[in-house]
Amino acid sequence: LLVNTVMIRRLKKDVLPELPDKTYSLIPLEIDNRQEYEAATENFISFIREKKGDEAALRASLAEALTQLRALMQITAKGKLRAVIEWIEDYLEGTDEKLVVFAHHQIVINELTQHFKELAVKIDGSVPSHHRQTIVEQFQNNPNIRLFIGNTEAAGESITLTAASTVAFVELPLTPGSLAQAEDRVHRIGQKQAVQVYFLFAKETVDEKVANWLDRKRRMIDAVLDGVETPQENLI
């Protein structure tokens, strides 16, 4: 009965009490494609028809809510990309520390990699699994490589990036677990410094909806697994 019905849950803070704290900061950004974003928000199907044609509009109408969410996330990511690049430049110029950046859309990852190509390495779905450890070792050991750019899915698990103590999320994942796993690439055994997590957040966009969605799911998971009520402060 015990084997079939009881789960023993070991929390990271209890198993690894020597790890430093994590702190979180919100960096509000403006998007430079507000008109495009508002057009997609107000009449999504017409927006898709204009941009991609009748067939794409028909497909979108069959699953409008989810399709709209994904489209707005992509538009938002594109619109804040210039501000994200400026923030990363300011960070790297203002400190000798390394930085880990997580994103989702390929256009964002590619743009960041191209812009910071002399300083950066990346891991996304295009990087073969047998090459990933070599890339991690470059970031960990080469002082000239100061920026790691990762896809949240491809680089969010099973690697160690403790050469940095700062993580920046350009885009939020859709599950609290993916968020925690990604930031814990830095917050793991070997980390000696307090870890700072930044959310590069586009004001008055779908970023707000995704953050609220993550908060609701996080509170539910905490209640089910740990029997605790998560404080009402928002995730970001």
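Here are a few friendly notes on this predicted model, from the overall fold to its aromatic pairs.

1. Let's start with the whole chain. The protein has eleven helices and six strands, and 44% of its 236 residues count as buried. Among contacts with a separation of 6 or more, 76% join residues 24 or more positions apart. The accessible surface is about 13,400 Å², with 51% of that belonging to carbon and sulfur atoms.

2. I8 sits in the loop between α1 (2-5) and α2 (12-15). Its relative accessible area of 76% is over the 50% cut-off, so I8 counts as exposed.

3. Six aromatic pairs turn up across the whole structure. One of them is the stacked pair of Y24 and F199, at 6.1 Å centre to centre with 10° between the planes. Y24 belongs to strand β1 (residues 22-29) and F199 to strand β6 (residues 195-202), 175 residues apart. Y24 is partly exposed at 39% relative accessibility, whereas F199 is buried at 2%.

4. Strand β6 also carries Y198, which pairs with W87 of helix α7 (residues 81-94), so parts 111 residues apart in sequence are tied together. The ring centres of W87 and Y198 lie 5.1 Å apart with the planes at 65°, which means an edge-to-face pair. Both residues are buried, W87 with a relative accessible area of 15% and Y198 with 19%.

5. Elsewhere, K98 lies over the face of F139, 5.0 Å from the ring centre.

Terms used: Residues numbered from 1 in each chain as written. Predicted model: local features only at pLDDT ≥ 70, side-chain atom pairs only at ≥ 80, totals over all residues. Heavy atoms only, no water. Helix = DSSP H or I, 4+ residues; strand = E, 2+ residues; numbered from the N terminus. Buried < 20%, exposed > 50% of the residue type's maximum accessible area, 1.4 Å probe, protein only. Contact = heavy atoms within 4.5 Å. Areas by Shrake-Rupley, 256 points an atom, 1.4 Å probe, with all protein chains shown as cover. Phe/Tyr/Trp six-rings, centres within 6.5 Å; stacked < 30°, edge-to-face > 60°. Lys NZ or Arg CZ within 6 Å of the ring centre and 35° of its normal.
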